[in-house]
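Student: Can you walk me through this model? I would like the overall layout, then the details.

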Amino acid sequence: MTNSHPPASGPLHRRRNGIVAAICAAIALSGAPSWARPAPPSFEELEAKLADHPSLAALRTEADAREELSVAERALPDPVISLGVGSIPVRNPGFEREPDANKAIGVAQEIPNPGVRRARSARERGEAEAIAAQTDYLLARLRTELITFLAEKKRTKEQIAYAELQLEKYAQLQEILRGEIEAGRPIYYRLSQVDVERADIEREIVGYRSSLAAADAALVDLVGEAPDIAPPEIALIPWDGGALSLHATRVSDKGVDIAKAGVREGKAAFGPNFGLSFTYQQRENGITESGAPFTGDDWFMAGVSISVPLWAPKSQSPRLRAARARQAGAELSYQAVYRDIRERLTTLTAEHGAAQRNIVVLDQKAKALDETIAALRRNYEAGNGDYTQVLDAEIAKLTLLSQLATERANAIARAAQFNSELVTP
């Protein structure tokens, strides 16, 4: 009985082995299959990574330190315990031969000006709140950078694609022009012009690739990776004109609070510092050098100390004037910051509106070019016109689409910058 299957060493087996090897090689060259590749992160996941940025962590650490200092400023200094002896004769030392000789233990506690301590604690707490406001502001700016660089990456990739398509169109145009030159038409100038335009496109591609690499590097700095995702659609958040609805003015307002705490400290410095002390003296029974006995009664001493601001005109008064000057400067800085941010928001609103209007205009022009290209193609297919006109129109449309990508990225970036200045829930 014969076997109906071909032998293992036959040509069919060798063909199967070749197919399997080819499939394995293709898989190795193409990398992991699409279903095995990890999905790109969403924008919300990237946004969550911003909270772990080292610059934000450094500010949070500093805010925690200021909170601890605010607690420390209200505390009393450590008490002082003293041990000693007193009234010990030099020539014949001893506790049993001198009625005034004693062993002493004392405790002293300084109580610095309570008003000064409260003011300093409030100043450190204000510093902590100011740093917390700076942290919120920095997080908003980092989010803006994330959106801006995602939009920049999308823009450059689109422009690279449009520019490469333009190069293909120019290559087709060159072939047609060379054919016409060989047919006897004197259009050398047009061929040279195409060479120049093509060189400009190649130079633009180099610039686009450089911008793309810079955007990737910035994204890696922000979130640790350079994802290939589209930026979110952003609209301008309505602003009611309130100063404290802006991040920058909130930070400046905390600076005013810190300066006010300095004024309170300067006023409180005119008050006294206090101190408490207690000393217990132990005396032993003994006999004097003359032989008379004495009883060693124990003694104690207690006291309260109060400082007198005798040199206030030379010490506290200049400090108070300096604190008031700082408060006035902080209030003026608050007003300057508000004006600056208001002007910036006005400018960003105008730039965003201009970008949106440019998008509408360019989109309308692109649609008009589509109709022109379709008409030129119909004329060419009907035997009228030249195909170079179709290619020129298609190249013009690609240039228009590249400009449209720029305006869309600008609109997203301006909206993100505007929104980053506002305090949002």
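Tutor: We will take the fold, the strands, the pockets and then a few side chains.

Student: What should I know about the numbering and the model before we start?

Tutor: Residues are numbered from 1 along each chain as its sequence is written. This is a predicted model, in which local features need pLDDT of at least 70, side-chain atom pairs count only at pLDDT 80 or more, and totals for chains, interfaces and linings use all residues, while side-chain values use heavy atoms, with hydrogens and water left out.

Student: OK. How many helices and strands does the protein have?

Tutor: There are eight helices and six strands. Helices (H or I, at least four residues) and strands (E, at least two) are DSSP runs, numbered from the N terminus. Along the sequence the pattern reads α-α-α-β-β-α-α-α-β-β-β-β-α-α.

Student: And what share of the residues count as buried?

Tutor: The figure is 33% of the 425 residues. Buried means under 20% relative accessible area, exposed over 50% and partly exposed in between, with a 1.4 Å probe and protein chains only.

Student: Which way do strand 1 and strand 2 pair?

Tutor: Strand 1 (residues 80-86) and strand 2 are antiparallel, over seven bridges; two strands pair if DSSP finds at least two bridges between them. I81 is opposite V107 of strand 2. Strand 2 also pairs with strand 3, again antiparallel, over nine bridges, and there V107 faces F278.

Student: What does strand 3 have besides that, say with strand 6?

Tutor: Strand 3 (residues 274-282) runs antiparallel to strand 6, with eight bridges between them. G275 has S305 in strand 6 as its bridge partner.

Student: How many residues of strand 6 are buried?

Tutor: Zero of the eight in strand 6 (residues 299-306), so far as the cut-off under 20% goes.

Student: Back to strand 2. Is N102 buried or exposed?

Tutor: N102, in strand 2 (residues 102-111), counts as buried because its relative accessibility is 5%. Its C-alpha atom is 5.3 Å from that of G86, which is 16 residues away along the chain.

Student: New topic: pockets. Which residues lie nearest the centre of the largest one?

Tutor: V116, R120, E265, A269 and R319 do, out of 24 lining residues. A pocket, on a 1 Å grid over the protein atoms alone, is an open set of points where a 1.4 Å probe fits, with protein on both sides within 12 Å along at least five of seven lines; lining residues have an atom within 4 Å of a point. Helix 4 (114-182), helix 6 (247-268) and helix 7 (316-381) each give two or more residues to this lining. Helix 6 gives the most, five.

Student: And which residues lie nearest the centre of the second largest pocket?

Tutor: D136, A140, H247, L422 and T424, with 21 residues in the lining. Helix 4 gives the most to that lining, nine residues.

Student: Last one: how many aromatic pairs does a search of the whole structure find?

Tutor: Three. One of them is Y380 with Y387: the ring centres are 5.0 Å apart and the planes are at 55°, so the pair is tilted. Rings of Phe, Tyr and Trp (its six-membered ring) pair if their centres lie within 6.5 Å; planes under 30 degrees apart count as stacked, over 60 as edge-to-face and the rest as tilted.

Student: Is Y380 buried or partly exposed?

Tutor: Y380 counts as partly exposed, because its relative accessibility is 40%.
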